Amino acid sequence: MAKENPDKPLPPGTIEHELGLPLPGAILPPEKWTVSALRDWPPGGVVDWEGLFGRRAPVVVDVGCGNGRSVLLGAITHPEQDFLGLDNLPLVIRYARKRARQRGLGNVRFAVADARTALGLHLPAGTVSQVHIYHPQPYYEPRQANRRLITPEFLLAVHRLLAPGGLLVIQTDNPAYWQYIRQVAPAFFDFQEHPGPWEDAPEGRSRREIMARRQGLPIFRGAGRARTDIDPSAARDLAAQLPPPAFNADRRLMALDELEAAGLGGDAPGSAQETGVVRRTGPANPQRRKKIWRRRSRKDRGL
Ligand SMILES: C[S@@+](CC[C@H](N)C(=O)[O-])C[C@H]1O[C@@H](n2cnc3c(N)ncnc32)[C@H](O)[C@@H]1O
C-alpha cells in the first residue's frame, strides 16, 4: 500500500482524501504556506497566545488531535478563532503540521506534547475558550489504565485552563469510557449529551469518529460550559473525591485501534484504511498488533 510521506509537500490544487472523504481545505502554492509548528515552549514556559498567533482571538485547544482533521475543520470554519492541536505522538503531528501549513492556515499550531504536562505547565490558566477531546485512547490493559487521559485531575486542569464559561467538547466510541465521563464531567462542567453528529460535520469531525461510525459503533458526544460556581479550592476537593478511570474498556473493541494505528496519514484508495472496513468485534490478532506497534518507533509512541 502506498503511504503518504508526512514530510513530502503535495502539489497545489490536490484534494486530499482520508477514508474516502475530502479533508477540509485546499492545498495552496508554496508562497502561501504558513508556519504551523509550535516546537518549543517559550522561555518561562507559558504560552503567550498573542505572541504565538500574532493577534488576540478566542483559542481552541484540541487534546490528542491525531492527524489534525478536527483542527483543520475548526480552523477553516472559524477563521476568527485560533487553534492549538496537541498530541504526544510525533508522527501524527508531522501529518497535521503539513496539512495546516500547505493550506496556508495562520490560525493553527500543532505541538508534540503530553497533554497533562501542557495543561499543567505551559498553557495559561483562564485563557482558553474551548477544549476539544475527540476519542481519547481507551487503553484496554488494566495495567495501562493509568495512561487514560480523562481523570478527575485532568478535568480539573481543563476547568482551570478555560476562561469563565469556556466550553469542553468531548466524545468517544467506547461505552465504558463514556459512562465514566458522564460520571465525572458534571462535577466541573454543565455537561449535556449531544444527540447525533455535530452539525458542522455530518460524517464525523475526526478520523477516529469516521472510522468508528463505519464499523457501526455508537459515538457518544457531550459538551459543557465550565461551572462558575466552584472556586479553585473547591474544585481541587471535588477532584480528590471523584473515582479514577478504572473501567473495563472491553478488549473486543481493540480492532479499531489497530486499524487506526496502521493508517496514520492519508489512505491508498481501496485499502482497508480508506474503506474503513475492519472486524467489529473479536479479539485483536496479537501478531499483527505487535507488527504495527514495532513499526511505530518507541520515540513516536512518546516513550
Ligand atoms: C484514539 S486517537 C484519536 C485521535 C483524534 N482525536 C481522532 O479522533 O481521530 C487518541 C490520540 O490521543 C493521543 N494521546 C494519547 N495520550 C495522550 C496524551 N497524554 N497527551 C497527548 N496526546 C495523547 C494519541 O497519540 C492519539 O493520537
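Reply: In this predicted model, the contact between α5 and α8 is made by P152, E153, L156 and H159 on the α5 side. Their counterparts in α8 are A235, R236 and A239. By class, this contact has 4 nonpolar, 1 polar and 2 charged residues.

Now the geometry. Two packed helices are described by the angle between their axes and the distance between the axes. Helix α5 covers residues 152-161, and helix α8 covers residues 232-241. Their axes lie 8 Å apart, at an angle of about 160 degrees. Angles over 145 degrees count as roughly antiparallel, so α5 is roughly antiparallel to α8. The crossing of the two is right-handed.

Helix α5 has another partner, α4. Here the axes are 10 Å apart and the angle is about 40 degrees. That value makes α4 oblique to α5. The crossing of α4 and α5 is left-handed. From α4 come R116, L119 and G120. From α5 come F154, A157, V158 and L161. The class count for the contact of α4 with α5 is 5 nonpolar, 1 polar and 1 charged.

Helix α4 leads on to the ligand. α4 (115-122) supplies at least two residues of the shell around the ligand. α7 gives the largest share, 3 residues. In total, 20 residues surround the ligand. The closest are G64, G66, A115, S206 and R208. By class, the shell around the ligand divides into 8 nonpolar, 6 polar and 6 charged residues.

R208 also belongs to a helix contact. It sits on the α7 side of the contact with α9, together with M211 and A212. L256, L259 and E260 make up the α9 side. This contact of α7 with α9 has 4 nonpolar residues, no polar ones and 2 charged ones. Helix α9 spans residues 254-262. The axes of α7 and α9 come within 11 Å and cross at roughly 130 degrees. The two helices are therefore oblique to each other. Their crossing is right-handed.

Next, the sheet. Strands of a sheet pair through backbone hydrogen bonds, either parallel or antiparallel. Here 7 strands form an open sheet with mixed pairing. The order is β5-β4-β3-β6-β7-β9-β8. β5 (108-112) and β8 (189-193) stand at the edges. Each of these two has a single partner strand, so one side of each is left without a neighbour in the sheet. From one strand to the next, the twist averages 15 degrees.

One pairing can be followed in detail. Strands β7 (residues 162-172) and β9 (residues 220-226) run antiparallel and are joined by 6 bridges. Within that pairing, V169 has A223 of β9 as its bridge partner.

At the other end of the strand order, a helix covers part of the sheet. Helix α3 (residues 90-102) lies across β4 and β5. It runs at about 165 degrees to β5.

Definitions and conventions:
Residues are numbered from 1 along each chain as its sequence is written. This is a predicted model: local features need pLDDT of at least 70, side-chain atom pairs count only at pLDDT 80 or more; totals for chains, interfaces and linings use all residues. A residue is near a molecule or strand if its C-beta atom, placed from the backbone, lies within 6 Å of it. Helices (H or I, at least four residues) and strands (E, at least two) are DSSP runs, numbered from the N terminus. Ala, Val, Leu, Ile, Met, Phe, Trp, Tyr, Cys and Pro count as nonpolar, Asp, Glu, Lys and Arg as charged, and the others, Gly among them, as polar. Axes are lines fitted to C-alpha atoms, for helices over the stretch in contact, and angles run from 0 to 180 degrees between N-to-C directions. Angles under 35 degrees count as roughly parallel, over 145 as roughly antiparallel, 65 to 115 as roughly perpendicular and the rest as oblique. A crossing is left-handed if the near helix is turned anticlockwise from the far one by less than a right angle, and right-handed if clockwise. Two residues are in contact if their C-beta atoms, placed from the backbone, lie within 7 Å. Two strands pair if DSSP finds at least two bridges between them.
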